[in-house]
Structure formats: structure tokens, C-alpha cells
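Notebook open, structure loaded. I want to go through the charged pairs and then check for holes inside the protein.

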Amino acid sequence: MKDPILDLGAEVRERGAEKEIAALVGVPHAVACNSGTDALHLALRAAAIGPGDEVVTPAFTFIATAEAIAYVGAKPVFADVDGATFNMTAAALEQALTPRTRAVIVVHLFGQCAEMPPISDLCQRRGLVLVEDCAQAIGADWAGTQAGAWGDFGCFSFYPTKNLGAYGDAGLVSTREAKHDAMLRMLRHHGSRQTYLHEVIGLNSRLDEMQAAILRVKLKHLARFTAARRAHAARYRELLAGAELTLPAEHGKGGHIYHQFTLRLARRDAAKQALADAGVASGVYYPIPLHRQPVFEKEYGALSLPASEAAAREVLSLPIYPQLTEEQLQHIAGTLRACR
């Protein structure tokens, strides 16, 4: 007999967001939770990663990726990224491995999958747990296999700014394994599979019905929104051709969903100010790589990751939301081209 508290509501599970997103990703199981950060934390807990273990992850990403590693008592080991795609490569991952490595969190940054075939093969050969941070990559793929379907776990964020966003915090973990599905469901509800019977120390990380219902409505429009983002990216490429900047690189192995349209500019801060003066919001994701953050600098301050450090100095993300107009695109591009 199902426990209605543990199953959450119908919008989440029985006819809901979990099944629909699992179908999109192409896996049999998906477990909704409170946030993308919790999704990463739950995945590591379900994989029994803990003190004494090392987890390799890229240095050029949002801190939540490394926070989840610290939450379980493991040690983050930071790898460098490819300067064109901003994603960790299999070569950088292999260089960061040690005898204590137990898991890898690969990040699909800005909406484009990392090079998953060699990364997946490396993890399988070394017996490593592979977690995908898909917070910015729902609907992205490599050679037809979706982000979240390559690893042992795929971790999604539905924060309101994401391509598929709720009206508050929301997240989800995808997995192919029934045993992981069962453990994730127990962990998200205080370590319980039966009300008031607690087998492990868990979390309070449930997705509420309202957020699930909103996600289900917006999921129907995700393909259309992604197509609009890709069309805007193509138009930016036309409008900014020949400008003194580096346009985002597409590896051509799968679909880029353009959570961000991220340029590289030598005079990034001047360009950002020029856009602000013209009434255009832009973002720097991310100004400080993780190994240089105050919380990690004492341990990793001597670590040199040149590509991550250069990216942090040069990246600038332009508006890329689906509702942009041609007039707005021309205004943004014109402002950048005029910036000296």
C-alpha cells in the first residue's frame, strides 16, 4: 500500500512531473525535491559518498556543485575546463583523479552537454559514480542521449530563472536504477519509507504540488522556448559577426539549449557597463572560480587552473530569454559593437 505522504501528490508523482520529466530525459525514474542543490546532495547521499572520499568537479561553475560535496563530508577536487565550451573534459578529469576518487560531478554549463562518451567511459573503467549537474541543461543532448541520462544520477534545478522554471525553488534527480530511486525517495522525506519509521538520517526536501503543477504546464512549452533561444543565439551570431569578442562555441555533437549566451571579451567590465547604460541587463557567470572562493582558497589557493581563471575574467552573458524581439536583439548587439 502506498503511503500518500511519501509519494507526495498527484501533480508530483502519479500522473505528474516526475513521470513526465523522466520521459523527457529518457530514464525510468525521477525523484522530485526542493532544489537543484538538494538534488546534488541527495544523489551523493544515495551513492554513499562521504568522509574520506574525493569527488572531482569543474572549478568554473556555481558553488552549489561543490557545496553538495562538502555537505556529505567528502573533498571536492577541482578540474579545469575547456576554454571554448566552459565544460570539463575527459582529459582534465583524468588528470584530477587520485586513489581516493569515488565520484565525479560533471556540469553541463550554460546549456551544452560536456563530452559525455569519454567521461562516461572513464568513470565506468575506474568504477566511479557519475553525477550530472543538469541545472542549466534540461533538453540538451549529446548524440541524442539527453543530459541526465548518461550518469548514475542527473540533477536538475527548476529555479525560476532556469529554462524550465517553477515559481519558487524546485529540483529533481533522474536515475536508471530502481535501487537509487528507492533510496532517493527515502532520503528526501527524513529517511523514511513508512510514516514515523526512520531508517537513515534524511532531509526535508519535498516538491510541493503547486510547483509541480506549474512545471507540468510549462513543460509543454519547453521545446518551443528552446527553439526561440536557439533562434536568438543564431541572430546574435549574425549581428555580432566580426566584433572584437568571442562568440559561444557549439561542439556540434548535440543540441545547445542556451540557458546562457556567454561571450568572451577582453574588456568585459567596460562592455557590461556600456550595456547597463543602454538599459540592458547582462550577467557574469562566474566572476570567481571555485578554487579561488574564500571558502576554498585556504586549501586550494595554490592550485592553478588557467582556463577557469581566464574565463572568470572574460565571460559576459547576454539576454537570451524566448520573448526577446528583433528590435531588442539589434539594440543589444549594436551597443556591444559600439563599445570601445
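This is a predicted model: local features need pLDDT of at least 70, side-chain atom pairs count only at pLDDT 80 or more; totals for chains, interfaces and linings use all residues.

**Entry 1: a pair inside one helix.** I started with Asp181, which forms a salt bridge with Arg185, the closest N and O atoms being 3.1 Å apart. For a salt bridge I take a side-chain nitrogen of Lys or Arg within 4 Å of a carboxyl oxygen of Asp or Glu. Asp181 and Arg185 are four residues apart in helix H7 (residues 178–188), so about one helical turn separates them. Helices here are DSSP runs of H or I with at least four residues, strands are runs of E with at least two, and both are numbered from the N terminus. Asp181 counts as buried because its relative accessibility is 9%, and Arg185 is buried as well, at 12%. My cut-offs: buried is under 20% relative accessible area, exposed is over 50%, and partly exposed is in between, with a 1.4 Å probe and protein chains only.

Residues are numbered from 1 along each chain as its sequence is written, and side-chain values use heavy atoms, with hydrogens and water left out.

**Entry 2: the other bridges.** How many salt bridges does a search of the whole structure find? I get 16. One of them joins the side chains of Glu314 and Arg264 (3.0 Å, N to O). Glu314 lies in helix H12 (residues 306–314) and Arg264 in strand S12 (residues 261–264), so this pair ties together parts 50 residues apart in sequence. Glu314 is partly exposed at 25% relative accessible area, whereas Arg264 counts as buried at 13%.

I also looked at Arg268 and Asp269, whose side chains meet in a salt bridge at 2.7 Å, N to O. Arg268 is buried, with 7% relative accessible area, but Asp269 is exposed, with 54%. Bridges with shared partners also link Glu18, Asp181, Arg185 and Arg188 into one network.

**Entry 3: Glu18.** Is Glu18 buried or exposed? At 3% relative accessibility, Glu18 counts as buried. A polar atom of the Glu18 side chain lies 2.8 Å from the backbone nitrogen of Ala32. Leaving out residues up to four places away in sequence, I find Glu18 touching Val12, Arg13, Ala30, Val31, Ala32, Leu172, Arg185 and Arg188; touching means heavy atoms within 4.5 Å.

Glu238 counts as exposed, at 54% relative accessibility. Glu238 and Ala310 are 72 residues apart in sequence, and their C-alpha atoms are 26 Å apart in space.

**Entry 4: holes.** I searched the whole structure and found one cavity of 30 Å³ or more. A cavity is a set of points, on a 1 Å grid over the protein atoms alone, where a 1.4 Å probe fits but cannot get out; lining residues have an atom within 4 Å of a point. The largest cavity has a volume of about 70 Å³, the volume being the space filled by probe spheres set on the points. Residues lining the largest cavity include Phe86, Phe110, Gln112, His256 and Thr262. What is the lining like by class? I noted six nonpolar, five polar and no charged residues.

Methods: A polar contact is a pair of N or O atoms within 3.5 Å; within protein, one must be able to donate a hydrogen and the other to accept it, and residues adjacent in sequence count only if both atoms are side-chain atoms. On a 1 Å grid over the protein atoms alone, a cavity is a set of points where a 1.4 Å probe fits but cannot get out, and a pocket is an open set with protein on both sides within 12 Å along at least five of seven lines; lining residues have an atom within 4 Å of a point. Ala, Val, Leu, Ile, Met, Phe, Trp, Tyr, Cys and Pro count as nonpolar, Asp, Glu, Lys and Arg as charged, and the others, Gly among them, as polar.
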